[in-house]
Amino acid sequence: MPEDAVLPYRRPTGPLPPDSPVEPERIPFLPGNSFSDVFKSDYRKSHLLDYKNGYKVPREVLGKHGGFPETMEELESLIAAATARNADLTYGGKLSLTRPTVAPAFVPSFVMYDKVVLRFRAYFKQTMHDSTEQYLLRIVMILYYLEDDSIAVVEPPQANSGILQGVLIKRQRLPKSSTDFYTIQDFNNGVNVTFYGKTFHIVDCDDFTKDYMESKLKIQLQPAEPVPTDKYLQSRIRPTPQRSAQTRHDKLWKFLQHDRHVLRFYCVWQPEDTGVDGAPTGEVRDFVMHYYLVDDCVDVKEVHRPNDGRDPSPLLLKRQPLPKAFHELDDLQFGEYYNWREFRTGGVVNVLNRKFIIRDCDEFTRKWYKTNLNLDMPALQLSRPTPTRPQRTYPPYNGFGSEEDSLQSCLHLVLQPPKKEFQHDDTRVLRFVAVMDSRHREDATRRFIISVYLPEVQVSIYEPPQRNTGTIGGKFLEKCKVLVPGADMQHPRYYAAGDFYVGARIGINAHTFRLVDADEYVYKYMEGMSSVYKMASAEEVVRKVKQLGRAAVVRAVLAKRPVSATGSGNAAAAERKVSLDEIKQALEGSGLVLHEMVTIYRQQDKVRELISE
C-alpha cells in the first residue's frame with residue numbers, strides 16, 4: 001500500500017502529526033463519513049482515579065480503548081495481530097486471554113506498616129552524686145514504629161531498684177537536629193542516639209527487627225554487643241557465703257532472701273478457767289499468728305466475728321521477737337526466742353503466758369516446711385463446745401405509750417420509732433359519735449368523733465369545737481392502737497373491730513366513752529359484714545329477742561304501723577316505719593344494746609317476717 005494513499009473509511013480523531021498524508025479538510029465531518037472501529041474490543045469507560053481503602057488513588061490506564069491507530073505502522077501491526085488471531089480461531093490455535101500487567105495499587109503507609117514495630121535494646125549511664133557508685137547502668141528498650149516514624153523508650157521494671165521505671169519517653173517523633181527527625185536509617189547495633197540530651201547506646205535487637213531490616217529495608221546490621229555489667233547489681237547476686245554458727249547475723253542477706261516471706265498459722269486459745277466439775281469454761285477464741293522470716297518476728301491478731309461482744313482491737317501482740325518464757329520485762333529483750341523450726345500443727349506456743357494451739361496453716365507455709373524440713377503440716381481437727389444462745393426476755397409492759405414503743409427501749413440502745421405496718425389499699429374508716437361518761441357536769445355536753453381505721457384497728461378521737469362550753473376542741477387522741485383496760489401487762493390485748501358498735505363502752509386512757517350513733521356508711525358496712533358484727537344481723541337480733549322473751553313486745557311494737565298495700569316512694573316508706581324512739585321505749589331494759597335496736601328499726605320488714613315464724 002503506498003504511503004500517500006488515503007483511507008476512505010478512516011476519520012481522523014484528535015490532532016494529526018505534521019507529516020500525516022491525511023488532510024482533515026478532504027474528509028468532511030458529515031453523516032456517512034464516520035465509521036465504527038473494527039478493532040475495538042473493550043467498551044468500558046476509562047477513568048483516572050480509583051478507590052482503595054476509602055481513598056482516591058490514581059489508576060494506570062490499561063490502554064487506549066476504542067481509538068484508531070495514528071500511524072501506518074500501528075495499523076499494520078494491528079492488522080497482523082488480527083490475522084493471526086483469526087487464524088488461531090479458525091485452525092484451532094491457542095487463544096491468549098491474559099490481561100495486560102497493571103501497576104500495583106497505592107497502599108498508604110499506615111496500612112502497609114500497621115503493627116510493625118522494631119525493637120532495639122540499649123542502655124545509658126546515669127551519674128550518681130554523693131555515692132560510692134560512679135554511675136547507674138539502666139537498660140532500656142527503644143521501640144520504633146514504621147507507621148509514622150515515631151519512637152518510644154521504655155525501661156523494664158526491676159525488683160527492688162528504688163527508682164521509678166516504665167515509660168521514659170512517650171511515643172512521638174524525636175528530633176535529630178533543628179530541622180530533621182530520627183528515621184530507621186539512623187538505628188543500628190553499636191551506634192549512639194541522643195534523645196533530648198540523653199545518649200543511648202544500642203547494643204542489640206530482636207530477631208524480627210534483624211530479619212525485617214535486612215530483608216525488607218536492605219540495611220545491614222552490625223554484630224550485637226554485650227551489655228556491660230553493673231558492679232553494684234553484680235555484688236547483690238554474689239553467691240551466698242558459707243557461715244558458721246558463730247558468724248554475725250547478716251540482715252542484708254536475710255532481707256534479700258526472705259523479704260515478704262511470711263508464715264501464717266491459725267491458732268486457738270482457751271482460758272484456763274474451769275467449772276465445778278473441772279471442765280474448762282473459757283470461750284475458745286481464734287487467732288492468726290504471722291512469723292516474718294526476714295527478721296524472725298511474730299505478731300498475733302484476733303479473728304473477730306459479728307456480735308462477738310469484743311472490741312475490734314487490731315493486734316493482740318504487735319510485731320516483735322516472741323520469747324519462749326515470760327516472767328518479767330527483761331525476758332522480752334534478753335530471753336530465748338521462738339524460731340520457725342519449732343512451730344508444728346498441734347503444737348503449743350506460749351504467747352506471753354497464753355497457751356496457743358496451732359491448728360492449721362496456709363498453703364505457702366505448708367510448702368515452706370515441706371521444702372526446707374521435709375515435714376508435712378496437716379490440719380488439726382479440734383472439738384468445740386456448741387455455743388448456747390441465751391433466751392431473750394423482756395420486762396413487763398409498764399402501761400406508758402404503746403407496747404411497740406416501749407419495746408424499742410429493750411431492742412435498741414439508741415431509741416428508734418417502731419416500724420409501722422403496711423397500709424392496705426382497702427383501708428376503711430368507721431366513724432362513731434360518742435359521749436364521755438364522767439362525774440363532772442361540764443363533760444356531759446361534750447361530743448366526740450371516734451374514727452376506727454381498718455384493718456389495722458387503729459383509733460383516733462376528735463372533739464368538734466362548741467361555743468360557750470368551756471373546753472377547747474380539736475384532736476383528743478392521735479391515731480394509734482388502743483389497749484383494752486384491765487388486760488395483762490405481760491400479754492396486753494388491743495381493741496378489735498368487733499368491739500366498736502353503737503351502744504358500746506370504750507375505755508381509753510382512763511376515760512370512758514359511750515358510742516351513741518354512727519354514720520350511714522358504718523351501718524351499711526356492718527350489715528354487709530354481719531358475720532363479724534352480730535348486732536347488725538337481723539337473724540341474730542331476732543334469735544336474741546326470742547331468747548330474752550321479748551318477741552311479743554317487738555311484734556306488738558311493729559304492729560302499730562302495718563305495711564300498707566298502697567303507697568310508694570321514700571315518704572310513704574318512712575310513714576310505714578315505726579320510729580326509733582318508740583322501739584327504744586318499748587325495749588328499754590330488755591338487755592338489747594342500742595345497735596341491735598337500730599337494726600330492728602332499719603330492717604323492720606325482715607324482722608317482722610322472722611319474728612312471726
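User: What does accessible surface refer to here, and how much of it belongs to carbon and sulfur atoms?

Analyst: Accessible areas come from the Shrake-Rupley method with a 1.4 Å probe. In this predicted model, the accessible surface of the protein is about 42100 Å², and carbon and sulfur atoms hold 52% of that area.

User: How many of the residues are buried?

Analyst: A residue counts as buried when its relative accessible area is under 20%. Of the 613 residues in the protein, 28% are buried. The protein has 15 helices and 20 strands. Among contacts with a separation of 6 or more, 49% join residues 24 or more positions apart.

User: Which residues touch the most other members of the largest nonpolar core?

Analyst: A nonpolar core joins buried residues such as Val, Leu and Phe through side-chain atoms within 4.5 Å. The largest one here has 33 residues, and those touching the most other members are Phe432, Ile450, Phe500 and Tyr533. At least two residues of this core come from each of β15, β16, β17, β19, β20 and α9. Phe500 shows how the parts meet: beyond its neighbours within four places in sequence, its contacts include Phe432, Ile450, Leu515, Met526 and Tyr533. A second, separate core has 25 residues, among them Tyr182, Phe187, Phe200 and Leu221.

User: How do I read a helix such as α3, and which of its residues are buried?

Analyst: Look at where the buried residues point around the axis. In α3 (residues 207-215), the buried ones are Thr209, Tyr212 and Met213. They lie on the same side of the helix because they cover an arc of only 95° around its axis. Asp207 and Asp211, on the other side of α3, are exposed. The buried residues of α3 pack against β3 (117-127) and β8 (198-205).

User: Where does Asp360 lie, and what does its side chain make a polar contact with?

Analyst: Asp360 is in strand β14 (residues 355-361). Its relative accessibility is 17%, so Asp360 counts as buried. The Asp360 side chain makes a polar contact with the side chain of Arg366, at 2.9 Å. Leaving out residues up to four places away in sequence, Asp360 touches Arg366 along with Phe265, Tyr266, Thr345 and Ala379.

User: How many disulfides does a search of the whole structure find?

Analyst: A disulfide is a covalent bond between the sulfur atoms of two cysteines. The search of the whole structure finds zero. As for individual cysteines, Cys267 is buried at a relative accessible area of 1%, and Cys297 also counts as buried, at 9% relative accessibility.

Definitions and conventions:
Residues numbered from 1 in each chain as written. Predicted model: local features only at pLDDT ≥ 70, side-chain atom pairs only at ≥ 80, totals over all residues. Heavy atoms only, no water. Buried < 20%, exposed > 50% of the residue type's maximum accessible area, 1.4 Å probe, protein only. Helix = DSSP H or I, 4+ residues; strand = E, 2+ residues; numbered from the N terminus. Arc of directions from axis to C-beta. Contact = heavy atoms within 4.5 Å. Disulfide = S-S within 2.5 Å. Polar contact = N/O pair within 3.5 Å; in protein donor to acceptor, adjacent residues only side chain to side chain.
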